[in-house]
Amino acid sequence: MIGRSAPWGWKALLYAHEVVLNELAQGRRPVEQGVEWFEELSEGDRREVLRALVLFCGQAGTCEEDVPESIARSGIRPTHTPAVMLTKGRFGMEALPANELTKSFRLLVALFTVADTRRRTLHCAGGCDHSWHNLPDPPDTAP
């Protein structure tokens with residue numbers, strides 16, 4: 001979702017991980033496929049993806065009311081550390097121990113999905129020129 005555009009009007013370009021995250025949020029790619037992709041990344045790259053997800057959640061306009069639905073959608077327990085952090089308004093999940101990163105990914109994808117769905121419904125329903133809302137169909141293969 002972080003757009004890359006030149007001042008002379010080129011259409012924004014998306015990095016590969018940005019495309020995958022937006023495909024997940026839009027239901028164009030199954031979450032389990034996204035989890036497999038995430039777990040194949042190096043630990044450093046997983047932490048970078050979590051940072052990007054936090055940014056995307058902010059850009060999508062997440063709000064406190066999105067948290068319970070996101071926890072339920074994520075499939076993690078409300079007592080897991082990432083869920084407790086999110087409930088308290090803390091988003092620094094990329095700093096958690098490595099064994100918490102996949103749970104954080106699931107939760108942040110769910111949060112991004114909830115907020116971005118609302119944004120697309122309210123602000124982009126009639127169409128928009130956001131490159132991340134106008135993705136081509138994903139390939140049938142893993143990301």
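A salt bridge here is a side-chain nitrogen of Lys or Arg within 4 Å of a carboxyl oxygen of Asp or Glu. By that rule, this predicted model has a count of eight salt bridges. Let's visit some.

Start by selecting helix 3, residues 43-60, and pick out Arg47 and Glu43, which sit four residues apart, about one turn of the helix. They form a salt bridge, with 2.7 Å between the closest N and O atoms. Arg47 counts as buried because its relative accessibility is 16%, under the 20% cut-off. Glu43, at 35%, is partly exposed.

Stay in helix 3 and select Glu48 and Arg51, three residues apart and so separated by about one helical turn. Their salt bridge also has its closest N and O atoms 2.7 Å apart. Glu48 is partly exposed at 44% relative accessible area, and Arg51 is partly exposed at 38%.

Now jump to Glu100 and Lys103, whose side chains meet in a salt bridge at 3.3 Å, N to O. Glu100 is buried, with 11% relative accessible area, while Lys103 is partly exposed at 23%.

Next, select helix 4, residues 66-74. Which residues are buried in helix 4? They are Asp66, Val67, Ser70, Ile71 and Ser74. These cover an arc of only 130° around the axis, so they lie on the same side of helix 4.

Zoom in on Ser70, buried at 0% relative accessibility. Leaving out residues up to four places away in sequence, Ser70 touches Leu107, Ala110, Leu111 and Val114.

Terms used: Residues are numbered from 1 along each chain as its sequence is written. This is a predicted model: local features need pLDDT of at least 70, side-chain atom pairs count only at pLDDT 80 or more; totals for chains, interfaces and linings use all residues. Side-chain values use heavy atoms; hydrogens and water are left out. Buried means under 20% relative accessible area, exposed over 50%, partly exposed in between (1.4 Å probe, protein chains only). Helices (H or I, at least four residues) and strands (E, at least two) are DSSP runs, numbered from the N terminus. The arc is that of the directions from the helix axis to the C-beta atoms. Contact means heavy atoms within 4.5 Å.
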